[in-house]
Amino acid sequence: MSLDPLLRPKSVAVIGASRREGTLGREILRNLVAFGFDGPVYTVHPESKHVLSMPAWPTVDALPEAVDLAVVVVPSAKVLEVVQACADKGVKALVVITAGFKEVSDSGRDLEQQILSIVRKHGMRMVGPNCMGIINCDPKVRLDASFGSTLPLGGNAAFASQSGALGEIVLATAKAVRLGLSHFVSLGNRADLSSNDLLEFWADDPQTRVVMLYLESFGNPRHFGRIAREVTRKRGKPILAVKSGRTRQGAKAASSHTGSLAGGDRAASALFKSCGVIRCDTVAELFDLGRG
């Protein structure tokens with residue numbers, strides 16, 4: 001399925017929008033409005049009739065249309081129910097901000113698999129769960145469906161991060177060094193959408209001229225290599241990547257796992273070299289090269 005409903009949506013719903021200051025649901029809704037999203041934004045709240053002076057609907061089913069993108073910010077125990085409701089409504093894409101899945105327990109992993117089954121059965125695409133959100137700076141879209149406190153500058157660098165904790169640093173640093181972004185995607189648990197999917201999208205995206213990645217692992221190294229070669233060699237778009245595990249602390253951690261991670265790190269370097277990806281040691285170096 002096309003990633004347009006996810007990254008170029010025509011309508012958005014925030015499920016779990018909140019009136020309380022400091023909550024993720026409120027911050028995401030505020031960012032959507034402040035960034036100037038070019039389309040209708042709906043809010044879903046079981047009790048309030050208005051959130052941030054915007055009309056609120058009690059359930060997904062009550063929404064006046066099947067939105068392209070739903071941003072889910074409800075407790076983890078409610079996410080499965082909400083995703084099923086989105087599927088029934090005809091929602092095309094999801095960003096599940098909520099944490100509490102495979103990153104915390106086996107039961108969380110099982111719940112995540114149930115959610116993924118619904119997503120795939122109904123042909124939806126999903127970012128997350130356990131993510132910071134997504135941003136598209138295209139002037140024709142202007143989507144900030146994240147809870148970041150920094151509104152980014154528009155530009156031609158696309159950034160994907162497998163580390164949610166790094167997200168705010170990425171956005172703040174990019175703005176500080178005047179690096180304009182085409183997209184920012186916090187991948188979270190990567191239950192559905194992966195960095196490989198994003199590389200395929202950015203290969204043909206006219207707004208993106210350089211791709212920047214922060215990777216903790218490869219879902220499918222062979223697939224990554226094939227797509228990366230297409231992007232770097234045939235499309236002429238540089239790919240800059242930080243792969244965690246190369247720092248002194250990372251090497252120490254690797255040695256505690258019988259050297260397997262150290263071997264994996266060498267394999268990552270070989271893979272990057274074979275497909276034209278420029279490996280950076282630090283995020284600072286990533287930004288330095290990205291600005292060039």
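Which elements do the buried residues of α3 pack against? Let's look at a predicted model, in which local features need pLDDT of at least 70 and side-chain atom pairs count only at pLDDT 80 or more, while totals for chains, interfaces and linings use all residues. Residues are numbered from 1 along each chain as its sequence is written, and side-chain values use heavy atoms, with hydrogens and water left out.

**View 1**
Helix α3 covers residues 76-89. Helices (H or I, at least four residues) and strands (E, at least two) are DSSP runs, numbered from the N terminus. With 14 residues, α3 reaches 20 Å from its first C-alpha to its last, close to the 20 Å expected at 1.5 Å a residue; the expected span is 1.5 Å times one less than the number of residues. Val79, Val82, Val83, Cys86 and Ala87 are buried in α3. Seen down the axis of α3, these buried residues fall within an arc of 140 degrees, so they line one face of the helix. That arc is taken from the directions from the helix axis to the C-beta atoms. Here, buried means under 20% relative accessible area, exposed over 50%, and partly exposed in between (1.4 Å probe, protein chains only). Ala77, Glu81 and Asp88 are exposed, on the face turned away from the buried side. To settle our opening question, the buried residues of α3 pack against β1 (12-15), β5, β6 and α4 (106-121), where contact means heavy atoms within 4.5 Å. After α3 comes Gly90, with a positive phi near 95 degrees.

**View 2**
Two strands pair if DSSP finds at least two bridges between them. Strands β5 (residues 69-72) and β6 (residues 93-96) pair in the parallel sense over 4 bridges, and Val71 stands opposite Val95 in β6.

**View 3. Strand β8 and its partners.**
Strand β8 (residues 133-136) is covered on both faces: Gly133 and Ile135 are buried on one side, Ile134 and Asn136 on the other. β8 pairs with β9 (residues 143-146) in the antiparallel sense over 4 bridges, and Leu143 in β9 is the bridge partner of Asn136. The two strands form a hairpin with 6 residues between them, and Arg142 in the turn has a positive phi of about 50 degrees. β8 also runs antiparallel to β11 (residues 181-186), joined by 3 bridges; there, Ile134 stands opposite Val185.

**View 4. The largest pocket.**
About 480 Å³ of space lies in this pocket. Among its 21 lining residues, Ile15, Gly16, Pro46, Val74 and Pro75 lie nearest its centre. α3 gives the most to the lining, with 4 residues. A pocket, on a 1 Å grid over the protein atoms alone, is an open set of points where a 1.4 Å probe fits, with protein on both sides within 12 Å along at least five of seven lines; lining residues have an atom within 4 Å of a point. Grid points are joined across faces, edges and corners, and the volume is the space filled by probe spheres set on the points.

**View 5. Asn196 in helix α6.**
Asn196 sits in α6 (residues 195-203) and is buried, with a relative accessible area of 6%. Not counting residues up to four places away in sequence, Asn196 touches Asn220, His223, Phe224 and Ile227.
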